[in-house]
Amino acid sequence: MKILHTADNHLGAPLIGLSPQAAKERKEELLDTFLRTLRFADEQGVDAVFLCGDLFDDAHPSPTLLRQVVEGIAACRAQVFYVTGNHDNGVVFPFAPDNFHRFDKGLKSYRLGEITVTGADYDFVHGGLKLPKMDENTYNFLLLHGDIRQSFSTAKGQIDLSQVAQKNIDYLALGHIHDAPAPIRLDGRGVARYSGAPEGHGFDECGKKGFWLIETGQGLRQTFVPFALRTYHEIDLAVTGIKDGHELESAVAKAVEGLPQTDGVKVRLKGSVSAEAKARIEGLQRRLQEAFFAAKVVDDSLPDIDFSAYEKDKTIKGQLVRLAAQLPEGERAQILSIAFRALSGEDLDV
Ligand SMILES: [Mn+2]
């Protein structure tokens, strides 16, 4: 059997940080990716689709959006299982197609061939979650939206690892974390996985996005399927030694070379750079924004100051430079930069 695990689609999200035009476009893309996912499931002969919460960005999606989602589900041949998340908890569907199975506040299980699908909506996810031991002779899937933790917590949305271990779970399909980090081992039998958001929602969600395709057989074969229409990229750029704005511009151009212009790019400047080059950053960001779907330059660089010129000064700056001589090289420039900026009356946020 084949199973598709997705979550955190956040349909209808306002996508703050993008221009109104780009936000509108991106909003349509999130829905498009969800509907494409259902069509992909059919093409691949998927038997069950898991929607693990935050399908919508809030519990009151527009009637049009709801209708498009329900129609997409109804047209899909797979059985579709849905648990709510912290964003869409309490959402009301206009009608439920025959292949749509929504979990409510108590635990509920469905048997589908050799798999058992158990789940509960977000209201039920908390430290008190009590799971029965599942039938060891089927593949057991559990669907929840929340944050899995090693330590016990009674907070809502938090799942304590000991609540889900030793229950014969093969795969705990999670939503909530928008990255898809490595699986978390539950016990000798099963794993927990976040699917991650299928599309990045902004510069804090960089890298490959998609969903998991799972196949039963000798155990569970799990394949990540990159599926996003656009990717947000984060690039660290070492700027030490760059003398002027022109050089900085070439370095940035080289760093983003080859990236699709339909993607988003965030360039983070690191190291120390001349004041002249720093003055060009705003213009640089504007040009990147024209070239890419979205762009941002984050300036984490320090001003390039020749501290040795102060070594003999009978000033506070001179004294600081002499004191800092015993610090390791990397730290010295950083600490002195902060101290010099403070001395020139800048408000510092360190
Ligand atoms: Mn989410």
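Which strand does Leu-213 lie in? Leu-213 lies in strand 13, which spans residues 210-217. The model is predicted.

- Leu-213 is partly exposed, because 18 other C-beta atoms lie within 10 Å.
- Beyond its close sequence neighbours (up to four places away), Leu-213 touches Lys-2, Leu-4, Gln-44, Thr-223 and Val-225.
- Ser-109 is 104 residues from Leu-213 in sequence. In space, the two C-alpha atoms are 21 Å apart.

**Helix 1 with helix 2**
- Helix 1 covers residues 20-43, and helix 2 covers residues 63-75.
- Their axes are 9 Å apart and meet at an angle of about 15 degrees. Helix 1 is therefore roughly parallel to helix 2.
- The crossing of helix 1 and helix 2 is right-handed.
- Helix 1 contributes Leu-31, Phe-34, Leu-35 and Leu-38 to the contact. Helix 2 contributes Leu-65, Gln-68, Gly-72 and Ile-73.
- By class, this contact of helix 1 with helix 2 has 6 nonpolar residues, 2 polar and no charged.

**Helix 7 with helix 8**
- Helix 7 runs over residues 316-324, and helix 8 over residues 329-343.
- The packing angle is about 165 degrees, with the axes 10 Å apart. Helix 7 is therefore roughly antiparallel to helix 8.
- The crossing of helix 7 and helix 8 is right-handed.
- On the helix 7 side, the contact residues are Ile-316, Lys-317, Leu-320, Val-321 and Ala-324. On the helix 8 side, they are Arg-332, Ile-335, Leu-336, Ala-339, Phe-340 and Leu-343.
- The contact of helix 7 with helix 8 holds 9 nonpolar and 2 charged residues, with no polar ones.

**Nonpolar cores**
- In soluble globular proteins, nonpolar side chains tend to be buried together.
- The largest nonpolar core here has 53 residues. Val-49, Phe-50, Leu-143 and Leu-172 touch the most other members.
- Outside four places in sequence, Leu-172 is in contact with Leu-142, Leu-144, Val-164, Leu-186, Gly-190 and Ala-192.
- A second core is separate and has 18 residues. Among them are Val-239, Val-273, Ala-294 and Ala-295.

- Asp-8 is not a glycine, yet has a positive phi of about 55 degrees.
- Asp-8 sits in the loop between strand 1 (2-6) and helix 1.
- Is Asp-8 buried or exposed? Asp-8 is buried, because 28 other C-beta atoms lie within 10 Å.
- Gln-166 is also not a glycine, and has a positive phi of about 60 degrees.
- The loop between helix 3 (161-164) and strand 10 (171-175) holds Gln-166.
- Gln-166 is partly exposed, because 14 other C-beta atoms lie within 10 Å.

**Arg-230 in a loop**
- Arg-230 is placed in the loop between strand 14 (219-226) and strand 15 (232-238).
- Arg-230 is partly exposed, because 18 other C-beta atoms lie within 10 Å.
- Apart from neighbours within four places in sequence, Arg-230 is in contact with Thr-262, Asp-263, Gly-264 and Phe-293.
- Val-267 is 37 residues from Arg-230 in sequence. The C-alpha to C-alpha distance between Arg-230 and Val-267 is 17 Å.

How values were computed. Residues numbered from 1 in each chain as written. Predicted model: local features only at pLDDT ≥ 70, side-chain atom pairs only at ≥ 80, totals over all residues. Axes fitted to C-alpha atoms, helices over the stretch in contact; angles between N-to-C directions. Helix = DSSP H or I, 4+ residues; strand = E, 2+ residues; numbered from the N terminus. Parallel < 35°, antiparallel > 145°, perpendicular 65-115°, else oblique. Left-handed = near helix turned anticlockwise from the far one by under 90°. Contact = placed C-beta atoms within 7 Å. Nonpolar A, V, L, I, M, F, W, Y, C, P; charged D, E, K, R; others polar. Core = buried A, V, L, I, M, F, W, Y, C linked by C-beta atoms within 7 Å. Buried ≥ 20, exposed ≤ 12 C-beta atoms within 10 Å, placed from the backbone.
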